[in-house]
Amino acid sequence: MPSSIVKGRRSMTSTLTLTSLFLTHSLSQTHKTATIHTLSPSSLRHRNPLFQFFSGILRPSRIRPISTAKAASVQTMASVVDSDSVTYLAQREAAEIDETLMGPLGFSVDQLMELAGLSVATSISEVYKPSEYSRVLTICGPGNNGGDGLVAARHLHHFGYKPLVCYPKRTPKPLYAGLVTQLEALSIPFLAVEDLPSDLSNDFDILVDAMFGFSFHGSPRPPFDDLIQRLVSLNNYNQNGQKKPVIVSIDIPSGWHVEEGDVDGTGIKPDMLVSLTAPKSCAKKFGGPHHFLGGRFVPPAIAEKYKLILPPYPGTSMCVRIGKPPQIDISALRENYISPEFLEEEVEADPINQFRKWFDDAVVAGLKEPNAMSLSTVGKDGKPSSRMVLLKGVDKDGFVWYTNYGSQKARELSENPHAALLFYWDGLNRQVRVEGSVEKVPEEESEQYFHSRPRGSQIGAIVSKQSSVVPGRHVLYEEYKELEQKFADGSLIPKPKSWGGYRLTPKLFEFWQGQKSRLHDRWLLPRL
């Protein structure tokens, strides 16, 4: 974590160095007694020999360095697919699929347009955050591609961007007129071509190319020929090392041949291509860093008929990345935090109350797992270890979590009953660090919490003997199934003696609020 302004109160230490901050959730989620394993020893020769089975953890016998690109894409690893394994559509096939969707399969144009525009907006938000790329100009053509752009502009507005629209050849149909009315109701400005600067590089951060789709034939006519050339002229900025707005093309970079791509090499070179339904053949020639697929509406009948190989969309996402993300310079990754000042008069006298206040803010903000915390322990060998666990209680006496008493953290706490907790709430630019002594909670307290958990989690706590080696995942499944059948009658599941809670009694709190230019607010509060 970068340097900060450190403030002290009530004989607090005046300086503090925060040396390490790990914000990644552990795969093992030991706080839920979930277990993550890989291959059994007998099958290692058939798979990756680097890993061994451990109950509750995944321990590599050797460590391979992770590439910069992989490190940068850990968050979206599940939503990336190899570009060579995806089906690319010819123009005829793309047209037939659209006809089938809007014919026997019952989709309407406005439905598909809404889904397409939302896919474009979510793809943009995956890469270009509104804090740095707020000014978006969407250039819309007269057809469906232009309609996709109008819908995308509306969603971008709701995502926190500041969109503007250039729509020179408006289509006199109710659908398109309605899209314009929706944008006007949001006070999204419409710019005439003559009002646009000849050089688009200074006034906009993102240029959305929504002029022509896969059904376009022939050469672009005015004013779109000139607009395309303005986008083409931005290609030179890359060569000169100057900052330029990024270009996002919807389905087809305008002016490209649908199947052959940028034939003579003089066309638009978008930074992002958002293919819809399935990538078109010209997408094979796309050389930009970000290729996404959107339009999560392809029914199995279409996929089977055209033998489409399309990537699965992760979770509730409306887009999925195709191909590997670009190489990232880790040293250039930075966030300029924008937060209200955390003033001394706002700090609660009792740091527990201050924690509760911030924790409530994280809950109200809807942050995922606001009770997730990094627990750091040190054994008698002096070597620290950290893992993510879940806070299960906080009161005037301290912070409570539950785990297996045979785990590494439990062993280290028995050797050295002192630990540090770290809460990080990214959406609020806040973190809280807590140091203190640790002891086990009373057995009756652990018993009470154990039986408040879902029965599956209770059985999991028995099965998962954390930090111990097991032959394979099948062993865990078999034992789980046996216990599930044993207690199928709803009888009380006994809490294992090896499972229970810990309480950290806080001695020191540090409250951190991110600020601009790394001039963060930090308050050190000892618990008296």
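**A first look**

Mentor: The secondary structure of this protein comes to 13 helices and 19 strands. Keep in mind that this is a predicted model.

Trainee: Okay. What share of the residues counts as buried?
Mentor: Of the 528 residues, 47% count as buried.

Trainee: What about contacts along the chain? How much comes from residues 24 or more positions apart?
Mentor: Take the contacts with a separation of 6 or more. Residues 24 or more positions apart account for 71% of them.

Trainee: Let's do helices. At what angle do helix 3 and helix 4 pack?
Mentor: About 55°, with their axes 7 Å apart. Helix 3 covers residues 109–127 and helix 4 covers residues 144–158. That angle makes helix 3 oblique to helix 4.

Trainee: Left-handed or right-handed crossing?
Mentor: Helix 3 passes helix 4 in a right-handed crossing.

Trainee: Which residues meet there?
Mentor: From helix 3, they include Val109, Met113, Leu118 and Ile124. From helix 4, Gly147, Val151, Ala152 and Leu156 are among them. By class, this contact of helix 3 with helix 4 has ten nonpolar, four polar and three charged residues.

Trainee: Next pair. How does helix 4 sit against helix 5?
Mentor: Helix 5 is residues 174–185. Helix 4 and helix 5 pack at about 25°, with axes 10 Å apart. So helix 4 is roughly parallel to helix 5. Helix 4 passes helix 5 in a left-handed crossing.

Trainee: Who touches whom between helix 4 and helix 5?
Mentor: Helix 4 brings Asn144, Gly147, Leu150, Val151, Ala153 and Arg154. Helix 5 answers with Tyr176, Leu179, Val180, Gln182 and Leu183. The residues of this contact of helix 4 with helix 5 divide into seven nonpolar, three polar and one charged.

Trainee: Switching topic. Where does valine 248 lie?
Mentor: In strand 8, which runs over residues 246–250.

Trainee: Why does valine 248 count as buried?
Mentor: Because its relative accessibility is 0%, and the cut-off for buried is under 20%.

Trainee: What is valine 248 in contact with?
Mentor: Leave aside its neighbours within four places in sequence. Valine 248 then contacts Ile124, Tyr128, Ile206, Leu207, Val208, Asp209, Met272 and Val274.

Trainee: How far is the C-alpha atom of valine 248 from that of leucine 207?
Mentor: The two C-alpha atoms are separated by 6.1 Å. Along the chain, valine 248 and leucine 207 are 41 residues apart.

Methods: Residues are numbered from 1 along each chain as its sequence is written. This is a predicted model: local features need pLDDT of at least 70, side-chain atom pairs count only at pLDDT 80 or more; totals for chains, interfaces and linings use all residues. Side-chain values use heavy atoms; hydrogens and water are left out. Helices (H or I, at least four residues) and strands (E, at least two) are DSSP runs, numbered from the N terminus. Buried means under 20% relative accessible area, exposed over 50%, partly exposed in between (1.4 Å probe, protein chains only). Contact means heavy atoms within 4.5 Å. Axes are lines fitted to C-alpha atoms, for helices over the stretch in contact, and angles run from 0 to 180 degrees between N-to-C directions. Angles under 35 degrees count as roughly parallel, over 145 as roughly antiparallel, 65 to 115 as roughly perpendicular and the rest as oblique. A crossing is left-handed if the near helix is turned anticlockwise from the far one by less than a right angle, and right-handed if clockwise. Ala, Val, Leu, Ile, Met, Phe, Trp, Tyr, Cys and Pro count as nonpolar, Asp, Glu, Lys and Arg as charged, and the others, Gly among them, as polar.
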